[in-house]
Every structure is written in structure tokens, then in C-alpha cells.
Amino acid sequence: EQPDQAVIGAERLALTLASGTELEAAFRAVRVVESRDAYPEGHGERVARFAAAIAEQLGLSDGHVMQIRLAAHLHDIGKLTLPEEAAGGTDESLTGADLDSYKEHPTRGGELLRAAAGQDIADAVARHHERWDGTGFPDGLSEDAIPLDARIIAVANALDRWSISGGAPDRPTADAIQRAVEQGELMFDPAVVEAAAAAFAQ
């Protein structure tokens with residue numbers, strides 16, 4: 001309780017809510033996942049920051065932005081349950097059984113978070129690898145059938161992955177933004193890509 005402060009920042013409130021609950025364990029689990037990943041640690045935190053900026057650009061409420069930021073931070077938690085070979089790869093680098101296992105991580109993540117974080121956050125995590133054209137996973141959803149929060153996380157996630165050649169980025173690179181624009185209407189909601197481009201305009 002902070003009676004003299006009407007608005008609490010999204011990151012601060014999310015961390016406050018997490019303290020002493022299952023969410024605190026979830027944040028620790030994400031750090032374990034990132035220690036096994038081929039990419040720089042802090043991926044969840046960066047995706048959360050990028051997703052929040054996109055959500056703000058779209059004009060979503062402060063509470064909704066906070067919800068997206070929390071889901072984005074935890075989006076890869078399902079990898080904790082995967083074999084190491086699958087957890088450290090991507091859908092582009094893996095094949096066979098490892099790829100099949102990797103494709104389970106969004107669903108597993110949603111299941112892990114449902115009780116602790118609620119249905120909306122669980123759905124966002126479970127759907128963050130769906131694609132605008134319906135070729136994603138786990139369920140092949142397309143366009144508006146994909147929850148908005150998941151569509152935002154999908155763009156933020158790709159922007160971080162595509163921006164890391166020089167190390168952990170503070171913001172998406174211009175090349176990553178351009179790549180997202182080129183993938184509009186295939187991988188991503190074009191309106192979310194447009195908001196990302198505006199949010200991170202150089």
C-alpha cells in the first residue's frame with residue numbers, strides 16, 4: 001500500500017505482486033532458463049521492456065501494459081521443463097524430437113503460470129509463438145484469434161532475438177525493426193509492428 005502515490009510503475013508493481021508468491025519462483029525459473037540459452041541473459045527482461053513500449057504506443061491502459069510486461073518477462077518459462085538440447089535451441093535451429101519438444105514450451109509455460117498469474121497471462125505465454133498467417137504453434141491460430149498480448153510479445157521477442165549480434169541491446173536495432181516490418185502479415189500483426197516502429201523510431 002502506498003497511499004501517497006496514486007500510480008505505481010508497471011515494473012515496480014509487478015515485482016511487488018511477485019514477492020513472496022509463486023511468481024517469485026517464476027522469475028527465478030526464468031533466470032535458470034536464460035542460463036541455458038544461447039542468447040545473452042536478460043532476454044525476458046528486455047522482451048518485457050520492448051513489449052511494454054509497444055503496448056504504450058498502442059494506447060493500452062496502465063494495468064494492461066503491466067499485465068503484458070509480466071507475461072513478456074515470463075514468456076519462456078516453459079523451457080524449464082524441456083531437455084537441455086531443446087531448451088537451448090530455436091524453432092529454426094532444431095529438428096526431429098528436439099523441435100517437437102521445443103514447440104511444447106509455450107503450452108507448458110501457460111500451464112505453469114495459470115494458477116499464479118491468471119488466465120490472461122497464461123494465454124499470452126501459451127500463444128506467443130502463434131503467427132499472424134496461421135503457421136505458428138502450438139495451435140496454428142491466425143490474426144485476431146491470437147490474443148493481443150501474445151501478438152505484442154511475439155514482436156518484442158523477435159526484436160530482441162534479431163538485435164543481439166552486438167550483445168544485449170538496450171533497444172531494438174533499426175535492422176531488427178525493418179525485418180519485423182518485412183514480416184508483417186506473415187509472422188506478425190501489422191498494427192503491432194507499426195506501433196513497434198513508432199515506439200523505437202531512431
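A residue counts as buried under 20% relative accessible area, as exposed over 50%, and as partly exposed in between. Keep that scale in mind as you go through these points on the model, which is a predicted one.

1. Start with E143, which sits in the loop between α8 and α9. Its relative accessibility is 45%, so E143 counts as partly exposed. Now try E185, in the loop between α10 and α11. Here the value is 56%, and E185 therefore counts as exposed.

2. E143 has a phi near 45°, which is positive even though the residue is not glycine. E185 also has a positive phi, of about 75°, and it is not a glycine either. Both are worth a look when you turn the model on your screen.

3. **The chain as a whole.**

4. How many aromatic pairs does a search of the whole structure find? The search finds three. One of them is Y102 with F137: the ring centres are 6.2 Å apart and the planes stand at 65°, and because an angle over 60 degrees counts as edge-to-face, that is what this pair is. Y102 belongs to helix α6 (residues 96-102), while F137 is in the loop between α8 (119-126) and α9 (148-161). The two are 35 residues apart, and the pair links distant parts of the chain. Y102 and F137 are both buried.

5. **A second aromatic pair.** W162 and F188 have ring centres 6.0 Å apart and planes at 65°, so they too are edge-to-face. W162 is in the loop between α9 and α10 (174-182), and F188 is in the loop between α10 and α11 (190-199); the pair therefore ties together parts 26 residues apart in sequence. Are these residues buried or exposed? Both W162 and F188 are buried.

6. **A cis peptide bond.** Go back to F137 for a moment. The peptide bond that joins F137 to P138 is cis, with omega at about 15°. P138 is in the loop between α8 and α9.

7. **Helix α8 and its surroundings.** Which residues of α8 are buried? They are I121, A122, A124, V125 and A126. The buried residues of α8 pack against α4 (62-73), α7 (105-117) and α9.

8. **α7 beside α8.** The axes of these two helices come within 7 Å and cross at roughly 170°. Since angles over 145 degrees count this way, α7 is roughly antiparallel to α8. From α7, the contact uses P106, T107, G109, G110, L113, R114 and A117. From α8 come Q119, I121, A122, D123, V125 and A126. Sorted by class, the contact has seven nonpolar, four polar and two charged residues.

9. **α9 across α11.** How do the axes of α9 and α11 meet? They come within 10 Å and cross at roughly 50°, so the two helices are oblique to each other. The crossing of α9 past α11 is right-handed. L148, R151, I152, V155 and L159 of α9 meet V192, V193 and A196 of α11. By class, this contact has seven nonpolar residues, no polar ones and one charged residue.

10. **I177, a residue of α10.** I177 lies in helix α10. At 13% relative accessibility, I177 counts as buried, because the value is under 20%. Which residues does I177 touch, leaving aside neighbours within four places in sequence? The contacts are L159, P172, A196, A197 and F200. Finally, I177 and E194 are 17 residues apart in sequence, and from C-alpha to C-alpha they are 9.5 Å apart in space.

Notes
Residues are numbered from 1 along each chain as its sequence is written. This is a predicted model: local features need pLDDT of at least 70, side-chain atom pairs count only at pLDDT 80 or more; totals for chains, interfaces and linings use all residues. Side-chain values use heavy atoms; hydrogens and water are left out. Rings of Phe, Tyr and Trp (its six-membered ring) pair if their centres lie within 6.5 Å; planes under 30 degrees apart count as stacked, over 60 as edge-to-face and the rest as tilted. Helices (H or I, at least four residues) and strands (E, at least two) are DSSP runs, numbered from the N terminus. Buried means under 20% relative accessible area, exposed over 50%, partly exposed in between (1.4 Å probe, protein chains only). Contact means heavy atoms within 4.5 Å. Axes are lines fitted to C-alpha atoms, for helices over the stretch in contact, and angles run from 0 to 180 degrees between N-to-C directions. Angles under 35 degrees count as roughly parallel, over 145 as roughly antiparallel, 65 to 115 as roughly perpendicular and the rest as oblique. A crossing is left-handed if the near helix is turned anticlockwise from the far one by less than a right angle, and right-handed if clockwise. Ala, Val, Leu, Ile, Met, Phe, Trp, Tyr, Cys and Pro count as nonpolar, Asp, Glu, Lys and Arg as charged, and the others, Gly among them, as polar.
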